[in-house]
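Work through the exercises below with the model open. Try each task before reading its solution.

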Amino acid sequence: MDLVSYIEFLVKSVASFPEMIRVKEIGSDEEVIQIEVLVKETDMGAVIGKNGNTAKAIRTMVQTYSYLHGKKKVKINIESF
């Protein structure tokens, strides 16, 4: 499973409308991979979580996954549409 698929799996697990989730890599340099996550506006609360706890947990899991697979630091930008 690649990094984008892993992030998509995690975000879809907490979303009410998983079919509306879009995840793509928007950039990469020597140190950082940037990922954009687009969710339906009504799912923003579930994906971000109270005090941002769900988003922090997703970011922690993704960074651990990346580290274990010899990848770079990952930055995740969560946006709604």
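**Exercise 1. Find which residues of H3 are exposed and which are buried, and say how the buried ones are arranged**.

Step 1. Lys 56, Thr 60, Tyr 67 and Leu 68 of H3 are exposed. Exposed means over 50% relative accessible area, buried under 20%, and partly exposed in between (1.4 Å probe, protein chains only). Helices (H or I, at least four residues) and strands (E, at least two) are DSSP runs, numbered from the N terminus.

Step 2. The coordinates are a predicted model: local features need pLDDT of at least 70, side-chain atom pairs count only at pLDDT 80 or more, and totals for chains, interfaces and linings use all residues. Residues are numbered from 1 along each chain as its sequence is written, and side-chain values use heavy atoms, with hydrogens and water left out.

Step 3. Ala 55, Ile 58, Val 62, Tyr 65 and Ser 66 are buried in H3. Seen down the helix axis, the buried residues fall within an arc of 100° (directions from the axis to the C-beta atoms), so they line one face of H3.

Step 4. The cover over these buried residues includes helix H1 (3–14), H2 and strand E3 (73–80).

**Exercise 2. Locate Asp 43 and list its contacts**.

Step 1. Asp 43 lies in the loop between strand E2 (32–39) and helix H2 (44–48).

Step 2. Leave aside neighbours within four places in sequence. Asp 43 then contacts Ala 15, Ser 16 and Phe 17; contact means heavy atoms within 4.5 Å.

**Exercise 3. State the order of elements in the protein chain**.

Step 1. The chain has three helices and three strands.

Step 2. From the N terminus on, they run α-β-β-α-α-β.
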